[in-house]
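Biologist: I want to learn how to read salt bridges in a model. Can you take me through them step by step?

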Amino acid sequence: RPTPRPREPSTSRPLKITPKPLSMPLYIAQLAAPQGEDQRWMWAVVPFNMALGPLGTFIPIYILKLGGNAITVGLAVTLYNGMAIPASIIWGLAVDATGWRRKLVLMSYGVTTAMLFLLFFARDAYSVALTYAAIGIFSAASSTPISLLVMETAPKEKWASAFSALNLMASAGVTAGLLFATLYTSAFSMREMMIVLGVFGLSSTATAVLLIKDPPLPLERRSLSMHPAALSSRLLSTPLFFLRIPRLRHFYRFAKERWRTGNPTFPLYLSLFLFYVASGLFNTMISPGLYTKGLTESEVFAVIMAGYVVQTLSFHISGKFIEKRGEKVSARTALYLRALGYSGIAFFVIFLGAIETLGASLVFYPLAAGFAYAVFYASSNVMIFKTLGAHAGTNLGIYSSLVSVATLLGSFVSGYTSFYLGYGFTYLLAAGFLVACAETLKWVKL
């Protein structure tokens with residue numbers, strides 16, 4: 001019998017144990033959210049939005065009071081919008097790399113609160129603009145962690161209602177902040193109001209310290225693009241969501257291949273580009289335009305608050321409105337109504353006095369920024385979700401890039417058109433872009 005040959009040593013590679021990823025994809029982590037998790041942490045959103053709600057109206061008026069003009073206001077808002085682009089990318093990557101929720105929210109709330117207190121000491125328009133830009137950078141850090149926390153602390157079947165509750169609390173905070181600003185500026189100085197808004201920020205930070213906890217199994221950021229309620233809520237907080245940073249070849253493919261019969265992506269995104277140009281033009285100059293016309297600070301805040309109240313209520317009825325007419329028809333109807341609101345305010349600003357402009361603004365602004373915006377936002381988000389397809393990350397990156405450029409363009413141009421041609425011309429120009437947006441939507445086939 002032959003002697004067996006000795007066994008050669010194994011040359012196979014040793015088994016490697018790959019560590020679990022920091023975050024889990026949606027289809028796995030749907031089971032991770034505990035049933036009945038305490039969601040009282042959402043209350044931290046209310047005072048934070050109370051602090052930020054009046055800022056968009058406060059900053060343009062305060063710059064004018066410090067000796068600035070329409071161009072200064074336009075450049076300040078452009079700087080704010082410009083800083084939001086790298087901020088959205090950086091904070092999104094930070095969420096993916098660290099899995100942090102609590103730390104990012106606390107940092108966002110804490111630094112934003114410090115910037116609010118710094119506004120009290122700003123003595124010139126440029127200091128105000130720089131501080132405002134810093135607020136834009138750090139306030140954006142909490143958007144994605146907050147949205148993910150909703151999905152991580154609620155069962156999957158309750159995600160829609162949980163996001164609805166989050167949006168309601170955010171809206172309540174902004175409305176309360178605008179109401180406070182309306183009442184406060186009727187009797188006291190705008191500058192001292194920053195101290196009170198800073199106190200609101202402190203209370204939100206303290207609430208977050210007590211109630212926000214990191215989830216045991218964090219979700220991936222791309223999970224937000226897989227659920228319509230999650231995506232809608234995330235884009236409502238900030239319309240910039242870079243799941244993937246688009247490269248030049250993506251834009252080339254988008255421009256070359258997407259204009260095809262039956263493909264809705266290109267005309268839809270082009271119409272959204274026109275919409276955000278119009279929004280940048282109008283929203284940047286509505287507060288300084290009304291203030292320059294002769295409205296008091298309190299009256300300007302009252303007009304903005306009326307629009308926001310109507311917008312909040314309209315979100316609750318927009319669903320039935322869209323179901324009866326369809327997304328495209330609803331969106332085009334909302335665009336024409338929004339253009340009507342812009343044109344109505346422009347007419348009164350150009351031809352009539354302060355009292356008449358105040359009355360007209362209390363009608364036309366809630367129509368444009370309230371009902372029309374809510375319907376267009378809800379219907380356009382449905383269309384965006386339908387067109388994401390297999391390339392959700394790239395498409396959202398292209399969408400966010402277009403929104404960024406459009407908003408920057410609108411806010412930058414608005415300062416010069418308002419300074420040289422008047423605020424009424426800027427409002428009419430914005431209305432023209434809305435009409436072009438509505439006509440472009442005719443090419444969208446879903």
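Modeller: Start with burial. Glu-297 has a relative accessible area of 13%, which is under 20%, so the residue is buried. Keep in mind that this is a predicted model.

Biologist: With which residue does Glu-297 form a salt bridge?

Modeller: First the general idea. Side chains of opposite charge can pair when their charged atoms come close. Here the partner of Glu-297 is Lys-65, with the closest N and O atoms 2.9 Å apart. Lys-65 is partly exposed, at 43% relative accessible area.

Biologist: Which parts does the pair tie together?

Modeller: Glu-297 sits in helix α13 (residues 297–325), and Lys-65 sits in helix α3 (residues 55–65), so the bridge links parts 232 residues apart in sequence.

Biologist: How many salt bridges does the rule give?

Modeller: The count is four. Another of them pairs Glu-192 with Arg-191. Their closest N and O atoms are 3.9 Å apart, and the cut-off is 4 Å, so the pair counts.

Biologist: Is Arg-191 buried or exposed?

Modeller: Arg-191 counts as buried, at 16% relative accessibility. Glu-192 is partly exposed, with 31%.

Biologist: What is the distance between the closest N and O atoms of Lys-442 and Glu-439?

Modeller: It is 2.9 Å, and the two form a salt bridge. Lys-442 is partly exposed at 43% relative accessibility. Glu-439 is also partly exposed, at 31%.

Biologist: Which residues do shared partners join into one network?

Modeller: Arg-332, Glu-439 and Lys-442. Salt bridges with shared partners connect them.

Terms used:
Residues are numbered from 1 along each chain as its sequence is written. This is a predicted model: local features need pLDDT of at least 70, side-chain atom pairs count only at pLDDT 80 or more; totals for chains, interfaces and linings use all residues. Side-chain values use heavy atoms; hydrogens and water are left out. A salt bridge is a side-chain nitrogen of Lys or Arg within 4 Å of a carboxyl oxygen of Asp or Glu. Helices (H or I, at least four residues) and strands (E, at least two) are DSSP runs, numbered from the N terminus. Buried means under 20% relative accessible area, exposed over 50%, partly exposed in between (1.4 Å probe, protein chains only).
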